[in-house]
Amino acid sequence: MSNAPIVIGLCGPSGSGKSTQSDALAAELGGAGGLSVTVLHADHYFHHPGPPPPYKERGDMEGPETVDWERLTRDMDARTSAAQPEGGGRVVVIVEGFLLLWCGEVVRRCSALVFLRAGKGECLARRLARNPERSEEESKGLADYFERCVWPAYERFVEPVAERLLAAGSLRVVEVDG
């Protein structure tokens with residue numbers, strides 16, 4: 001059995017459950033002996049500093065240019081070249097992000113790619129449910145932003161690549177439903 005690092009790419013539309021599933025997978029794998037598991041969330045690699053402006057004032061921040069792909073791939077490389085766990089175990093890196101499939105350098109580093117497929121309505125409902133304390137005005141701003149920027153970015157940058165990788169047999173799809 002090889003001790004080569006395993007890199008799992010988890011992608012899908014915003015609100016499909018990528019962060020939740022990657023953290024759950026890491027917790028499950030971390031309990032297995034001999035594995036050293038790290039999760040890298042692409043949301044932590046945005047170029048813009050600090051919190052984004054309110055949704056009603058926000059321009060489109062959903063394109064691939066908003067992510068520092070060089071820093072993300074550098075961190076992926078650092079984690080996969082880390083020392084193996086004691087006893088000859090394996091390093092596992094889970095990287096998750098909405099635009100993950102767009103970056104060929106990230107895709108090439110992945111041992112496995114998993115796509116969480118969910119519909120637009122389900123994803124919006126999940127986004128809105130993340131923060132139940134959000135005011136009605138903030139929720140409306142998020143819903144408008146989702147319609148104006150988030151879903152169109154998914155359709156433009158993610159869906160075509162996902163379909164191509166799926167046709168090539170390089171992507172595993174998990175259907176997400178409510």
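How many salt bridges does the structure hold? The structure holds 11 salt bridges, a salt bridge being a side-chain nitrogen of Lys or Arg within 4 Å of a carboxyl oxygen of Asp or Glu. Before we look around, a word on the model: it is predicted, with local features needing pLDDT of at least 70 and side-chain atom pairs counting only at pLDDT 80 or more, while totals for chains, interfaces and linings use all residues. Residues are numbered from 1 along each chain as its sequence is written, and side-chain values use heavy atoms, leaving out hydrogens and water.

**Salt bridges**

| Pair | Closest N and O atoms |
|---|---|
| R74 and E70 | 3.5 Å |
| R117 and E163 | 3.0 Å |

R117 sits in strand β4 and E163 in helix α5, so this pair ties together parts that are 46 residues apart in sequence. Salt bridges that share partners also join D77, E105, R108 and R109 into one network. Helices (H or I, at least four residues) and strands (E, at least two) are DSSP runs, numbered from the N terminus. R74 and E70 both belong to helix α2 (residues 69-80), 4 residues apart, about one turn of the helix. E70 is exposed at 56% relative accessibility, whereas R74 is partly exposed at 46%. For these words, buried means under 20% relative accessible area, exposed over 50%, and partly exposed in between (1.4 Å probe, protein chains only).

**A buried arginine**

R134 is found in the loop between α4 (120-129) and α5 (136-167). R134 is buried yet has no salt bridge, and the nearest side chain of opposite charge, E138, is 5.3 Å away. Lys and Arg count as positive here and Asp and Glu as negative; His and the chain ends are not counted.

**Strand β1**

Strand β1 (residues 6-11) is largely enclosed by the rest of the structure, because 5 of its 6 residues are buried. β1 runs parallel to strand β3 (residues 90-97), joined by 6 bridges, and V7 stands opposite V93 in β3. β1 also pairs in the parallel sense with strand β4 (residues 112-117), over 4 bridges; there, C11 has F115 as its bridge partner. Two strands pair if DSSP finds at least two bridges between them.
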